[in-house]
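Colleague: Please walk me through this model. I will ask how each label was reached.

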Amino acid sequence: MPEVIMPRLSDTMEEGILGRWLKHEGDPVKAGDVIGEIETDKATMDLEAFDDGVLERLLVAEGATVAIGQPVAFIGDGTGSGPDSDQDAGSEAGAGSGKKTDDGAASSVDVEAQDAEASAEVGAPSSGGPSAGEDAPADGDAHADTDAHGLDGGRVFASPLARKMAVERGLDPADIKGTGPGGRVVRADVLAAGEHASGEDTSGEHAAAASRDGKAPSSSSKSVPAPASAPAAQQDSLEIPLTQMRKVVAKRLTESAAVPHFFLTAVVQMDALLEFRAGINKRFADSGVKASVTDLLVRACAVALRAHPVVNSSWAGDKIYQHRHVNVGLAVAVPDGLIVPVVRDADRKGLAEIATEARDLAGKAREGTLSLQEFSGGTFTVSNLGMFGIDNFTAIINPPEAAILAVGAAADEPVVRDGELTTRKVLKLTLTVDHRVLDGATAAAFLQDLKQILEDPMRIVL
Amino acid sequence: MSADADKTTLVTYRQALNDAIRSEMNRDEKVILLGEEIGIFEGSYKITAGLLKEFGPERVRDTPIAEEGFVGAAIGAAMLGMRPVVEIMTLNFSLIAIDQIVNHAAKIYGMFGGQQSVPMVIRMPGGGGQQLAATHSQNLEVWYAHVPGLKVVAPSTPADAKALLLAAIRDDDPVIFLENLALYNTKGEVPAGDEPAEIGRAAVVKDGTDLTVISYSRATTIAVEVARQMAEEGISVEVVDLRSLRPLDRSTICASVRKTGRAVVLEDDWLSYGIGAEISATLMEGAFDYLDAPVRRVAAAEVPLPYAKPLERRALPDAGDLRRVILELLDDTSFES
Amino acid sequence: MNESRTAKASPRAATKAARQPAKGSAATPGAEAAEPGQLVEFYRRMVLIRKFELTADQMYKRAKIGGYCHLNLGEEASVVGLMDALRPTDYLFTNYRDHGYALMRGMDTGKVMAELFGKTTGVSKGRGGSMHMFDTEKRMLGGYGIVGGQIPPATGAALALTYRGAAGPDAEAVMCQMGDGTTNIGAFHESLNLAAVWSLPIVYVVINNRLGMGTTVEKAAGEPELYKRGSSYRIPGVRADGGDVLAVREAATEALDQARTQRQPALLELMSYRLRGHSVVDPARYRSAADLETAQEADPVPALRAQLIADGTLDEKQAAAIETQVEDQVAAAVAFADASPDSTPDQLFDYAYATPVPNAPTALPGERMVVLP
């Protein structure tokens, strides 16, 4: 019976949240039908059926976190030969993750590929554990009754060492997030999980004792109350679970912290640019295209990047990639965090095209409907907080890109012109640079050129 | 002798072999040398330099180009109580003598019910990297390491070259003594005296905690060098030098990998069915629950080794290859130094 | 040396040898060269080989003997003559057709049979079987199963003798027996060359039964007069009638003497016939009836019996008594072999190495090589 699995929907996605089911158990589905929504680290995406049939079982509840490749639903022929409802993974998953639900049932999923033996477990769901296969009745009828098995999660991949260490520490590998190839749980993960769990009560010991018996932890061991010894300070705080978006933002920016940064600031005189913008917006008012300062900045950066290809680079550990395409990312605030849609080949697109595209992308970003293609592959990022009245700030690099431009608000600056004190508009640009890729003079040349382009805006359209 | 053993001298691998042979020839008059060009020519690689002059043509016997003949003759001489040390100019030519080595030397003791031992040594250098092309650059140690009845050693250092050769000559079984062209000029501290090593024991030549590299002969020198570099980067690599390919010291290998949880085998031989395959299988048995990732193998590309330098260089495993694989394995196990 | 029964090839005698190719078929026993009692003893030995081999054939068919089993049937006079010429202090290496040599070297009939039966009491403790008779004491350093494999080690044994002492009438020598087909293999030529350049005390003996399995000598050898094949190495060759025990003994003694006293290697070719197939399982259908008839006419055992009776050395009763005594001896050998203990699996690794070594593998099939502590 075809499984519907958690799809991989972004380059950095490792797990997703089943946001909403759009179809219900028993609904007929066709391949390509959208049956639910997946909240990835970047956006909310469609969950499509890959097979025709009847949506017989929804395996995870809305809100559940599921690793890529793990089943979330089953599509059958409508005869109900899907998983037994007693094996209600959905309710379990509602409380945690899809991975979590195979707690103690590793061996049942082990044999899933060979399918027969595992079916015996349907009749004895509580036996779980490594001995389940051996406990299964040997007669073929038991196998013929139903082929449902191991639906409450995928096989847990863990290195032999990690398995052994997990048992010694009373941990279940299924509860541990694997960071090895294909999500394999490795020693480091067990150690990390062990540190995390060390403050917890005896529920782990339950698991350890059970494992030594060759049996999975009983279901009661899972109902042990949550740790009572949490620090007092935390008791007065509202616990906000991390969303995928938040997790990714945190992970990416933590990576960024390792980058040796330096910062360059330039002040741009904006009068010419603002005049230019007013001119073209007036001229193209009928077409509905309206260029923002940000659009002009994107275009100006693209032109400058084309002239300074070394800046259009990224760090790859043992080498540097200098990109042929100039893809300018635009940091967009969204309710839960931040996303950076990308204007591809911005150096080859006209201002109107950029303006249209940027608006479209920002809208999608806020709606959470960006496609993977639309928020990946950036080579440079522009972050504009000017609309919030921020004069000047530094941005954190969006790895592996080599630089990011922080744009503040245009501000009035006193100036003596023709013997009179007057004001002019200026904008502070701060370029954050990865020193591993670029040196000061190189980056300065780029910023200087960018400043000149913005102050002589005819160059923007060239 | 114990006073001697405390003293060491810096000598080449070549000189260490020469010293061991001379020492045994002085100690036991039954020790004779047989081989092509080992006398007047002093050996293709000068391992027997000076010995003809010192011991005369009866004990340092130049042979015709007839590997099957003189290897077999050494077997017969050994059966009558001599202790022949045969030099085959390169390991590649031993294939001409393989019937005598595999069907005779390896069999006589067991097949005749333990009545007659065959105390002989076959020394031969293997290895590529000298632009000698496909037929002169092989590492076929696994052919011999596969055969019960033989003992197969492959020292990586001058000290081991001497001590294992002393052991091999005193051993009553046929010992295949594998040298490597690229090792002959390498230098190391070698104890004075004539204390033999124990055949059948591996050695941990560098201690480490994060990962084990298992290798032998020339490859060990690469492994040690890479381990040294990586130590500076905060990665602690343990190096196990097999020294003896038959018998294989499985417990030392397993003990190391049980400690580190990660294993890479570096071998000069071709990959398929190689030493690395045997060690991987050994670790499956002896360290399964201690492995944090599958064992990785770094071995020669599976082609007849080309003459052209860029191709030859790329076909043979080098420090860069080992380093890359170590880093990959560390990444696969989410290693943090 | 009776030149009517031998031919010689040597650098010096090559032309002579070429003029006088021997016809091995004429079994004219050289009775005049031996004491009558000695000939009777030779007859007894030949009968022993004959009975032993016929019994081996039978035991093979009764599945008491496994593997390959090559018999000396038809070659008894060669075996007896050669082994009588060889001194106890000399060394012998043979090919796989080695039962008769083992018996004539003085190995116990029962232990040879026990080896065929694969028993622990066998001469090679049941490890070798039919092709691998060995006895250090008797200085038979092996029957060898690989064609030509025995020749380089035999040559090396002769090399070792050169370190033991000077040449002389009491010096030890090596005899290396082989079949006609073996003279085509590289090891033969490499070894003869070594023996020549190193002047080794060795006699290479070719039992030319005219068939290498099913291939005739003429089809296989560029020089079918095999005794001439030493000429390339200036090793003198002699061809003698392998059916004539005294001719064989005489040729072998002379060759061995040259080896002892002059360290002159020699090549001795004995013309003989194989009465049966290559091994017990070979029906030899490739042989013509005429060829078989020739072989049977040349059978040296009845020929010597007839001669001994004809010249009055033995009467029928005495001959029969010898045969009965030999039959009893072989029957006792079978009984001994039968009663001997089989090897047990715990003995499997008993002869793995002569010098014990750590980490020697001792895992049985399916057992772990590495035992976890």
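**Labels and their cut-offs**

Modeller: Of the 337 residues of chain B, 62% count as buried. This is a predicted model: local features need pLDDT of at least 70, side-chain atom pairs count only at pLDDT 80 or more, and totals for chains, interfaces and linings use all residues. Residues are numbered from 1 along each chain as its sequence is written, with chains lettered from A and ligands numbered from 1 in the order in which they are written.

Colleague: Why is A:Ser371 called partly exposed?

Modeller: A residue is buried if 20 or more other C-beta atoms lie within 10 Å of its own, exposed if 12 or fewer, and partly exposed in between, with C-beta atoms placed from the backbone. A:Ser371 has 14 C-beta neighbours inside 10 Å, so it counts as partly exposed. Its place is in the loop between helix H14 (351-367) and strand S16 (380-384) of chain A.

Colleague: What makes H13(A) mostly covered?

Modeller: 13 of its 15 residues are buried.

Colleague: How do you know that the span of helix H13 of chain A is close to the one expected?

Modeller: The expected span is 1.5 Å times one less than the number of residues. Helix H13 (residues 293-307) has 15 residues, and 21 Å is expected. From first C-alpha to last, the helix reaches 21 Å.

Colleague: What makes residues of chain C count as in contact with chain B?

Modeller: Their C-beta atoms, placed from the backbone, must lie within 7 Å. By that rule, 43 residues of chain C are in contact with 46 residues of chain B. H6(C) gives the most to the chain C side, with nine residues.

Notes
Helix = DSSP H or I, 4+ residues; strand = E, 2+ residues; numbered from the N terminus. Contact = placed C-beta atoms within 7 Å.
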